[in-house]
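Please read the following account with the model open beside it.

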Amino acid sequence: IPGLIAGAHDGTGMGILFLKHVERTSVLLHIIDISDEAHPGAWKNYTAINKELKLYNPELLDKPQIVTLNKIDLPFVRERVKKSVAQFFKKGIILHPFSAATGEGLHDILNQIITLLSHRDDLKA
């Protein structure tokens with residue numbers, strides 16, 4: 001879910017236009033970037049996005065979600081991965097670390113997307 005910012009449900013940024021697009025999806029893919037030194041953390045980012053989705057349309061939270069953590073090819077991000085994975089695991093959510101630059105971890109994410117999309121008729125039920 002790229003570009004979703006606080007206040008989107010009220011029209012901030014791409015706001016409602018972007019959220020209307022999200023309504024048409026079968027699966028939500030979160031790509032979380034914690035490479036910024038000042039980043040508050042993956043969990044805070046994830047919950048902020050879900051808060052905006054819920055404020056716009058609570059039914060969006062019923063869609064399957066795949067949560068990923070990007071840029072693990074950067075050494076300082078790789079150091080943060082274990083803490084983030086453990087934090088999400090405690091909440092019952094699998095966090096999938098990957099690197100778009102090297103391809104590490106992408107195979108598993110793509111397989112999960114394919115699996116969920118191949119069962120999308122089941123998702124609508």
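**Helix, sheet and core**

Helix 2 is 15 residues long and spans 22 Å from its first C-alpha to its last, close to the 21 Å expected at 1.5 Å a residue. The model is a predicted one. In helix 2 the buried residues are Ala42, Trp43, Tyr46, Ile49, Asn50, Glu52, Leu53 and Tyr56. Several of these residues return below. Helix 2, covering residues 42-56, lies across strand 1 and strand 2, and its direction is at about 140° to strand 1.

The sheet itself is open and consists of three strands in the order 1-2-3, with parallel pairing. Strand 1 (28-33) and strand 3 (95-97) are at the edges; each has a single partner strand, so one side of each is left without a neighbour in the sheet. From one strand to the next, the twist averages 30°.

The pairing can be followed residue by residue. Strand 1 pairs with strand 2, residues 65-70, in the parallel sense over six bridges. Along this pairing, His30 stands opposite Val67 in strand 2, and Ile31 stands opposite Thr68 in strand 2. Strand 2 is mostly covered, with five of its six residues buried.

Helix 2 lies across strand 1 and strand 2. Helix 3, residues 75-90, also packs on the sheet, where it touches strand 1, strand 2 and strand 3; the direction of helix 3 makes about 165° with that of strand 3.

What do the side chains do between these elements? In soluble globular proteins, nonpolar side chains tend to be buried together. In this model the largest nonpolar core has 13 residues, and those with the most contacts inside it are Ile32, Tyr46, Val67, Leu69 and Phe88. Helix 2, strand 2 and helix 3 each contribute at least two residues to this core. Apart from it there is another core, of seven residues, including Leu19, Ile49, Tyr56 and Leu60.

Leaving aside residues up to four places away in sequence, Phe88 touches Ile32, Ala42, Trp43, Tyr46, Val67, Ile93 and Leu95. Two of these contacts deserve a separate look, as they involve aromatic rings.

A pair of aromatic rings is described by the distance of the centres and the angle of the planes. Across the whole structure, a search finds three aromatic pairs. One of them is formed by Trp43 and Phe88, in an edge-to-face arrangement with 5.0 Å centre to centre and 75° between the planes. Trp43 belongs to helix 2 and Phe88 to helix 3, so this pair ties together parts that are 45 residues apart in sequence. Trp43 and Phe88 are both buried.

Tyr46 and Phe88 also form an edge-to-face aromatic pair, at 5.4 Å centre to centre with 65° between the planes. With Tyr46 in helix 2 and Phe88 in helix 3, the pair ties together parts that are 42 residues apart in sequence. Tyr46 is buried, as is Phe88. Trp43, Tyr46 and Phe88 together make up one aromatic cluster.

How values were computed: Residues numbered from 1 in each chain as written. Predicted model: local features only at pLDDT ≥ 70, side-chain atom pairs only at ≥ 80, totals over all residues. Heavy atoms only, no water. Pairing = 2+ DSSP bridges. Helix = DSSP H or I, 4+ residues; strand = E, 2+ residues; numbered from the N terminus. Axes fitted to C-alpha atoms, helices over the stretch in contact; angles between N-to-C directions. Contact = heavy atoms within 4.5 Å. Core = buried A, V, L, I, M, F, W, Y, C linked by side-chain atoms within 4.5 Å. Buried < 20%, exposed > 50% of the residue type's maximum accessible area, 1.4 Å probe, protein only. Phe/Tyr/Trp six-rings, centres within 6.5 Å; stacked < 30°, edge-to-face > 60°. Expected span 1.5 Å × (residues − 1).
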